[in-house]
Amino acid sequence: MGPPADISTTAEWRALADHQGQMASVHLRDLFAADPGRADRFTAAVGDLVVDWSRQRVTDRTVELLVALASRAGVVERMGAMVAGAPVNATEGRAALHTALRAGPGSAAPAGGADVGPGVQRELERMAALADQIRSGRKLGATGQPITAVVNIGIGGSALGPRMACEALGAFRHDRVRCRFASNVDGSELATALSSLDPAETLFVVSSKSFATVETLANAASARAWVAAALGEGAVADHFAAVTADRQAAVGFGIDPASILGLWDWVGGRFSLASAASMVLMIAIGPERFSEMLAGFRAVDQHLTDRPPAANLPVLLGLVAVWNRNFWGFPTRAVIPYSSRLGLLPAHLGQLDMESNGKQVRLDGSPVSYPTGPVVWGGAGTDGQHSFHQWLHQGTDIAPADFIVFAEPDPDLAGRPGLDSRDLDRHHDLLAANCLAQAEALAFGSAEGGDGDGGDEPDRHRRCAGNRPSTVIMAPRLTPSVLGQIVALYEHQAAVQGAVWGVNSFDQPGVELGKRLAGPIAAELASADPPELGHDAATNALIRRYRRLRGRPC
Ligand code: F6P
């Protein structure tokens, strides 16, 4: 029996709804009081990650029912089809074979019948050759000076992941080559990225799977003009590389074919961190460290394919996300890394999860009758404790929180001049203590705040009722491998959720309308003569207001 058209009509879904009703009056305090071994039983490892999900509102019965739901939805089959290169991206007739990017040499990875493994290895080798050339100072610009700065021009999956990873792995960055990013079409971003750079020593990596994204092409054109103005038109080829699935378009832009790294249509932008979209990352941390990151991805991929659902962390965490979203009605999910360098992770996961599952139509074209992808948001701890944690603890909505914490400080901090390692240890202990305290406070509430069930307490303003779910992911330290493991864990959770909801987690048709509307409006804002406007009254008024403020005739 294949997966049902509407998962919410199944007995498995109804059983979970009934189960939630029975759990509605149960506090996490009760679950821990009734089961001293709870913390251990709801803690599991994948790779170097130890995942404690005991503060989620789950029992063994919950897990049983969620696994039954996964079975009814065909989650294992859909994950198997995904890693086998089947066209799971049904609306675009494509595979979603990001696991092939990190499957390692010699692994066969079919997409549409062809083995993509050799092509993946070839591009990794080409990436490594370019990275080594730049890191060794052998990559020279048009004037014979070594390249000392790389600017990644890209947006969405062509920026968020690589930028997050460059930041996260700052401890492993090259000591001479600077890596910068320009994604937004706001000119201030490119200006900032170029500030203090010497065109003669700067290489631009235009990263765009389609090589058609307006923001990226606008930034690339301005960067090209910046190079040409300083070094002449003939210098462009020496100062540009590209990462794209549309090689011809990159050549048409003026990029030397030898400097074009390949992407494939079976890799979605938000799933492309292990691909050449991370060329800038490989330049920053080097090919060896990049391979360590791929190995981290691979460890979680292996776990996904090897483990039965009840012992499969990406599956279980994806199911818990469905449990929180559809049966507790929590509209958002917070990701709170207790690591400054990992501070961009929530933004990357925002695209990964929300662009994957922000859908309202199932694969068969029928409208869903239940909520799908939540808002995924967050920020680094401890900073969040001084901005949104008030809401987390006492807001009228509940956001299940994923905390990520490392046992050791970033490896490059020790030996920093002027910073005593004892001080750094104290910093790190405080950082970790705050992470653990937040999870405890959210789960169990405030002791002086009484019994958490709305009892008549003297100071209700201070009362934290607790019973707010969270998961704590702990790893020894933030390394390339651990980063790969973390990202893979969330990539697969997104796919598992989409499989339960029956949506296509690998396309993004909803972004096209806004892009289509922006083109004509840009022309109407900029035209020398007053434009004929045919929009709604508000848009027409805004266009006129903007033109007036820019001193253009209306
Ligand atoms: O937001 C839509 C989107 O297509 C993303 O999926 C993608 O990561 C981004 O735009 C950039 O696309 P490209 O890499 O083709 O420039």
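This text walks through selected local features of a predicted model.

Start with the salt bridges. The count comes to 25. Arginine 41 and aspartate 60 form one of them, with N and O 2.6 Å apart. Arginine 41 sits in helix α3, and aspartate 60 sits in helix α4, which spans residues 60-73. The pair therefore ties together parts that are 19 residues apart in sequence. Both ends are partly exposed: arginine 41 has a relative accessible area of 40%, and aspartate 60 has 43%.

Helix α3 covers residues 38-41, and arginine 38 lies in this helix too. Arginine 38 is buried, yet has no salt bridge. Which side chain of opposite charge is nearest to arginine 38? Aspartate 35 is, at 5.3 Å. A salt bridge needs a nitrogen within 4 Å of a carboxyl oxygen. Neighbours within four places in sequence are left aside in the contact list for arginine 38. That list holds Leu28, Leu31, Phe32, Ser54, Gln56, Val58 and Thr59.

Next comes helix α6, residues 117-135. Here arginine 126 and glutamate 123 meet in a salt bridge of 3.0 Å, N to O. The two are three residues apart in the helix, so about one helical turn separates them. Glutamate 123 is buried, at 9%.

A further salt bridge joins two loops. Arginine 477 pairs with glutamate 408, and their closest N and O atoms are 3.0 Å apart. Arginine 477 lies in the loop between β13 and α17 (480-501), while glutamate 408 lies in the loop between β12 (401-406) and α16. The pair therefore ties together parts that are 69 residues apart in sequence. Arginine 477 is partly exposed, with a relative accessible area of 30%. Glutamate 408 is partly exposed as well, at 37%.

Now turn to strand β13 itself, residues 470-475, which holds methionine 474. Methionine 474 counts as partly exposed because its relative accessibility is 35%. Together with Val50 and Leu436, Met474 makes a nonpolar surface patch of about 230 Å².

The backbone has some points worth a look. Most residues other than glycine have a negative phi, and most peptide bonds are trans. Asparagine 467 has a positive phi, near 65°. This residue is in the loop between α16 (421-444) and β13. Asparagine 467 counts as buried, since its relative accessibility is 10%.

Phenylalanine 211 also has a positive phi, near 50°. Where is phenylalanine 211 placed? Its place is in the loop between β7 (202-207) and α9 (214-231). Phenylalanine 211 counts as buried, because its relative accessibility is 6%.

The link from glycine 381 to threonine 382 is cis, with omega near 15°. Threonine 382 is found in the loop between β11 (375-378) and α15 (389-394).

How values were computed: Residues are numbered from 1 along each chain as its sequence is written. This is a predicted model: local features need pLDDT of at least 70, side-chain atom pairs count only at pLDDT 80 or more; totals for chains, interfaces and linings use all residues. Side-chain values use heavy atoms; hydrogens and water are left out. Patches are made of residues with over 30% relative accessible area and no salt bridge: like charges are joined within 9 Å, nonpolar side chains (Val, Leu, Ile, Met, Phe, Trp, Tyr) within 5 Å. Accessible areas come from the Shrake-Rupley method with a 1.4 Å probe; for residues, only the protein chains shown count as cover. Helices (H or I, at least four residues) and strands (E, at least two) are DSSP runs, numbered from the N terminus. Buried means under 20% relative accessible area, exposed over 50%, partly exposed in between (1.4 Å probe, protein chains only). Lys and Arg count as positive and Asp and Glu as negative; His and the chain ends are not counted. Contact means heavy atoms within 4.5 Å.
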